[in-house]
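Here is a short briefing on one structure. It covers the core, the sheet and the charged pairs.

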Amino acid sequence: MSKAPGETEQLKVIATMSDGSTKEVTRESGIIYTTNSTSVATVNGNGEVTVSPSASVGFKATITAKYGGKTATCVVTVANAN
């Protein structure tokens, strides 16, 4: 995803269950969100990503969601404001 400094976006995490069904787990108990660069983007416990107002265009952060022993990632790229 690309976002300008100061912008926020809500992630949506869909898990594939052992029986093949899918379930949205974005705000489930037990999901853990992390970022590899808080100076570029932060993520709260509900999966809301915010790009730092002072982040430089072109910088990137990787957001990780862990749930039920599985991991998913999303790269956030700082973009110019529209």
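The largest nonpolar core has 17 residues, and Val13, Ile31, Tyr33, Ala41, Val49, Ile63 and Val76 touch the most other members. Such a core is a set of buried Ala, Val, Leu, Ile, Met, Phe, Trp, Tyr and Cys residues joined through side-chain atoms within 4.5 Å. This is a predicted model: local features need pLDDT of at least 70, side-chain atom pairs count only at pLDDT 80 or more, and totals for chains, interfaces and linings use all residues. Residues are numbered from 1 along each chain as its sequence is written, and side-chain values use heavy atoms, with hydrogens and water left out.

- S8 gives the largest share, three residues.
- Ile31 touches Val13, Val25, Thr26, Ala65, Lys66 and Tyr67, leaving aside residues up to four places away in sequence; contact means heavy atoms within 4.5 Å.

**Sheet**
- Four strands form an open sheet with mixed pairing, in the order S1-S9-S8-S5.
- Strands are DSSP E runs of at least two residues, numbered from the N terminus; two of them pair if DSSP finds at least two bridges between them.
- S1 (2–3) and S5 (32–35) are the edge strands, each pairing on one side only.
- S8 (residues 60–67) and S9 (residues 70–78) run antiparallel, joined by eight bridges.
- Tyr67 stands opposite Lys70 in S9.

**Salt bridges**
- There are two salt bridges, each a side-chain nitrogen of Lys or Arg within 4 Å of a carboxyl oxygen of Asp or Glu.
- Glu9 pairs with Lys3 at 2.9 Å, N to O.
- Lys23 pairs with Glu28, with the closest N and O atoms 3.6 Å apart.

Note on methods:
Buried means under 20% relative accessible area, exposed over 50%, partly exposed in between (1.4 Å probe, protein chains only).
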